[in-house]
Amino acid sequence: MSSLLGRLTALVALSAVPAAIAAPPPTAADPCAKIAGKLFAPPADALACMKSFPFNETLRQNVLTVISRVFDFYTFEDYYLKSPPPFQDSTTNIRAQLARINRTHYETDFDFNKDVYDFTTQLNDGHTRWFPDCYTQFQNLLPAPVVTLEENGVQNVFVAPDSVEFVSLLGTNFTSFFDSIKFDFRRLAGAKVLEIEGVDAYAYAQRIAETQSGNFLDLGVRINSAFSSYRISGTDFSQRFGDISGPQFPTQNTLTMRLIPVNSTRVETVKVPFLASYLGAPFSNREEFWALNCAANEGTNGVDFKNSAQLEKLKANRSKKLARAAIVDNSAKNAVGLPSQFEPTLPPVNGSEGVIKSFILPDKKTGVMFVGSFEPDDFDQFQTDVQATITQFKKSGVSQLLVDLTNNGGGFVCLGQFLHAFLTGTKSLGNFPNPGFESTNRANPLAQKIVASDIGLGVTSAIAFYPADNWAFLSNDTEMSPRNNYMKPPSSRIINGQTFVESQRFLDVCPFSVDLPEDPPFDPKKIAIVGNGNCASTCAMFSTLMNERHNTTIAVFGGKPGLPMQFKGMAGNQVLEWFDIDSEIKTANLKDDPLAPPDLLVSGDFRHNWRIAYSFLDETLPIEYKSELPHFRFPYTVDTYNNPQNLWTFAAKQLLG
């Protein structure tokens, strides 16, 4: 049986309702067939395909039941009733929003899912979002990505000066569309943008940050996410379109800009067309689109890891499940390289084959580690790469270190703690020898049942995240026994008038494969961090550890002039995907508990922030809500916004001397 035929059969077997959704009306043209086989399509055509599936009440109740019951595990729910300053714009009543969605009339399944997506996105917590696979397969792309730059001492928004080189990397399938409709996007490169959609360009960036960007609690960071910037995607240098020019849904056909082209003084109003990029599996018609992208599949719902087959799969990877803290950036699926002329010309040093790219600047005294992610393919290699890089730096006479965290979306929690301890040395940790944070998870009734059941079943950290041998005691940093019930007794406090119940505090137990140095490899005053604030999850925890425990110099680039911007974007702790929390429930033999969520009937992921990390500066406050501003703030310039080497050279002089 072919994979597609198998999924179509599974769709029919799943329930009659989703099967009916997959079948088009007999007399209607198939809007999905119109764009079948195309890498790019006009947004209206992509949207017509996605809106061809009518709203269904059974699917709404299924999705909302899953989301509502997973929210029971969410650590920050009570904070959202009145988020503390400066994060007040991230205030909402989560349960009231779910009730609103439950009573709203929708014409299509897309309309329902987009409303849920928008609601969770506007929580501005990248760990807690609904991703409906059916409707996240297209991404709108603009051939005129925008950036914020300083010119002659004044910051403005511009079409990226490298936009022609950048956009051309998408290939002729993309660029020829604009040629075919006689739209000259090339002449817009470097244009000064005065207004977007009738408002000041920075005001429009803020509108996007408030409604579409998500991921980052801080408004200033979200505004910076609206603009194009360099990054590492996978193991390669790359460039983001930014949230203005690369929105998730193909709901816009054009973007209207008032701008002044390069070498002109005349203000023009230009409607720039979007083109939707398809990121999913090939399909030929509407039924196949649903089967491949929308119907639940074998990877959608969790599994019982006590099952021998599932256990063997785990053992093939590692002896212990690894905690993750990372955002989902769907633009990474459509990663576009950084134009080669802007990549570093310096030779990379040892340890630069993975997600870290390291160089020695021409001054011969500054080493740079561009940490693109904390989620490498090889957990141990990340550690050996750091060791190899620092070793070569020391042998080469490097005396100061610049760490670039631009657009680092996070990754494995323990790798952030590893890099923190490796760069600062274990002696610097003093009376708190653990390189991480004090942590808890929410002790809702089902969570307490899971821990108790895991103890009774003998479940350990080899197959689950709830067992106590994932953690160390706060008192002495020694690993707990898997039979320890750290939920008993739980702790409670009042947050915005609600009683929040959490576990006892604990520490991470990290399987480091490289010995940590006792002394720092560099004078701590000669270590500095740079980034654009789009530093999420494990990245935010790493930079917060460096700030709170060592007062490391931190600088951020870009943002809206005059608006404060944090150096960390989203600082939760551990995230669990829907598959993960469902597996925890099933492994604990609690899937039939009345508090447990059902299996999803559609392909999707409702992820949530499962753990809190508490600030060293205020042990009652999660680092998510601890405002921490950078020591320095710099604007991007035409020389630095997409040229990492130029930015590093500038930053080294400004921050390290």
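Analyst: The largest nonpolar core has 78 residues, and those with the most contacts inside it are Phe71, Phe289, Trp290, Tyr466 and Tyr486. A nonpolar core here is a set of buried Ala, Val, Leu, Ile, Met, Phe, Trp, Tyr and Cys residues joined through side-chain atoms within 4.5 Å. Buried means under 20% relative accessible area, exposed over 50%, and partly exposed in between (1.4 Å probe, protein chains only). Helix H5 (residues 57–71) supplies the largest share of this core, 7 residues. Helices (H or I, at least four residues) and strands (E, at least two) are DSSP runs, numbered from the N terminus.

The model is predicted: local features need pLDDT of at least 70 and side-chain atom pairs count only at pLDDT 80 or more, while totals for chains, interfaces and linings use all residues. Residues are numbered from 1 along each chain as its sequence is written, and side-chain values use heavy atoms, with hydrogens and water left out.

Leaving aside neighbours within four places in sequence, Phe289 is in contact (heavy atoms within 4.5 Å) with Cys32, Cys49, Met50, Phe53, Cys134, Phe138, Tyr278, Phe283 and Cys294. A second, separate core of 42 residues includes Phe216, Val386, Phe393 and Ile527. In soluble globular proteins, nonpolar side chains tend to be buried together.

Helix H4 (residues 43–50) is mostly covered, with 6 of its 8 residues buried.

S3 and S12 are joined by 4 bridges and run antiparallel, and Gln139 stands opposite Ser277 in S12.

Aromatic rings form a further theme. A search of the whole structure finds 53 aromatic pairs. Rings of Phe, Tyr and Trp (its six-membered ring) pair if their centres lie within 6.5 Å; planes under 30 degrees apart count as stacked, over 60 as edge-to-face and the rest as tilted. Phe71 and Phe119 make a tilted pair, because their ring centres are 6.2 Å apart and their planes stand at 50 degrees. This pair links distant parts of the chain, with Phe71 in helix H5 and Phe119 in helix H7 (residues 109–121), 48 residues apart. Phe71 is buried at 0% relative accessibility, and Phe119 is buried with a relative accessible area of 6%. Tyr106 and Phe112, by contrast, form an edge-to-face pair, since the centres are 5.7 Å apart and the planes at 70 degrees. Tyr106 counts as buried at 6%, and Phe112 at 1%. Ring pairs also link Phe71, Tyr74, Phe76, Tyr79, Tyr80, Phe87, Phe119, Phe606 and Tyr625 into a cluster.

Strand S17 (residues 400–404) is another covered element: 5 of its 5 residues are buried, so the strand is largely enclosed by the rest of the structure. Gln400, Leu402 and Asp404 are buried on one side, and Leu401 and Val403 on the other. In a regular strand the side chains alternate between the two faces of the sheet. S17 pairs in the parallel sense with strand S16 (residues 366–371) over 5 bridges, where Val368 stands opposite Leu402. The chain passes from S16 through helix H14 (residues 379–395) to S17 in a right-handed β-α-β crossover; right-handed means that, with the strands pointing away from the viewer, the path from the first strand over the helix to the second runs clockwise. S17 is also joined to strand S24 (residues 527–531) by 4 bridges, again in parallel, and Ala528 in S24 is the bridge partner of Leu402. Ile527, one of the residues of the second core, falls within the range of S24.

Key: Pairing = 2+ DSSP bridges.
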